[in-house]
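This report concerns a single protein chain and is intended for a reader working from the coordinates. Please consult the sequence and structure shown below.

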Amino acid sequence: MPEEVLFKSESDQTREDIASYLRSVADKLEQGDAVTLKSGSESVTMEPPARPTFEVKAEREGPTDGPGELSIEFELEWDENGNEGDGGSGQLEIE
C-alpha cells in the first residue's frame, strides 16, 4: 500500500523541547482529544482511537563497518475506517 505523507516536520531540538512536545501529545491522548500538528502554514489534525497500535523502533542506519545514524521512532497507527490496532506483540517497557 503506498504511503502518503500528510505532515512532516524535522528540526534540531533540545532534549527538553522534545520532551515538552511528547508531553503535549501524551496529554491529548490521555484526555481523548485530537492531536493537531502545525508548522508554518501546514497543519493536520488526527484523532487516534481509544486503542491504536503503538510501535516503537530503535534503528541504526548506515554502513555496517562504520558510524551511522541512530534513531528512536514512536508511531501510533490505526485504520481510517475506524478499526483499532491489531494488538501486536508483548508489553513495552521503557527504563
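**Basis of the model**

The structure is a predicted model, in which local features need pLDDT of at least 70 and side-chain atom pairs count only at pLDDT 80 or more, while totals for chains, interfaces and linings use all residues. Residues are numbered from 1 along each chain as its sequence is written, and side-chain values use heavy atoms, with hydrogens and water left out.

**Fold and overall dimensions**

The chain contains 1 helix and 4 strands, where helices (H or I, at least four residues) and strands (E, at least two) are DSSP runs numbered from the N terminus. In sequence order, these elements give the pattern α-β-β-β-β.

The radius of gyration of the chain is 16 Å, whereas a compact globule of 95 residues would have a value near 12 Å. The radius is taken over C-alpha atoms, and the globule rule is 2.2 Å times the number of residues to the power 0.38. The C-alpha trace spans about 45 × 35 × 35 Å along its principal axes. Of the 95 residues, 7% count as buried. Buried means under 20% relative accessible area, exposed means over 50%, and partly exposed lies in between (1.4 Å probe, protein chains only).

**Salt bridges**

Side chains of opposite charge can pair when their charged atoms come close. The criterion applied here is a side-chain nitrogen of Lys or Arg within 4 Å of a carboxyl oxygen of Asp or Glu.

Glu 10 and Lys 8 are both exposed. Lys 57 is classed as partly exposed because its relative accessibility is 33%. The values for Glu 59, at 24%, and Glu 73, at 32%, likewise make these residues partly exposed. A network of salt bridges links Glu 55, Lys 57, Glu 59 and Glu 73.

**Surface patches**

Patches are made of residues with over 30% relative accessible area and no salt bridge; like charges are joined within 9 Å, and nonpolar side chains (Val, Leu, Ile, Met, Phe, Trp, Tyr) within 5 Å.

The nonpolar patch has an area of about 910 Å² and is made by Ile 18, Leu 22, Leu 29, Phe 54, Val 56, Ile 72, Phe 74, Leu 76, Leu 92 and Ile 94. Helix H1 (15-31), S3 and S4 each supply at least two residues of this patch. Leu 76 belongs to strand S4 and is partly exposed, since its relative accessible area is 31%.

A negative patch is formed by Glu 3, Glu 4, Glu 75, Glu 77, Asp 79 and Glu 80. For charges, Lys and Arg count as positive and Asp and Glu as negative, with His and the chain ends not counted; the place of a charge is taken as NZ of Lys, CZ of Arg, CG of Asp or CD of Glu. Glu 75 sits in strand S4 (residues 69-77) and counts as partly exposed because its relative accessibility is 35%.

**Individual residues and contacts in space**

Gly 40 occupies the loop between strand S1 (35-39) and strand S2 (42-46). With a relative accessible area of 79%, Gly 40 is exposed. Gly 40 and Ser 9 are separated by 31 residues in sequence and by 9.9 Å in space, C-alpha to C-alpha.

Met 46 is part of strand S2 and is partly exposed at 31% relative accessibility.

Trp 78 lies in the segment after S4 and, with a relative accessible area of 26%, is partly exposed. Trp 78 and Thr 53 are 25 residues apart in sequence, and their C-alpha atoms are 6.3 Å apart in space.

Notes. Accessible areas come from the Shrake-Rupley method with a 1.4 Å probe; for residues, only the protein chains shown count as cover.
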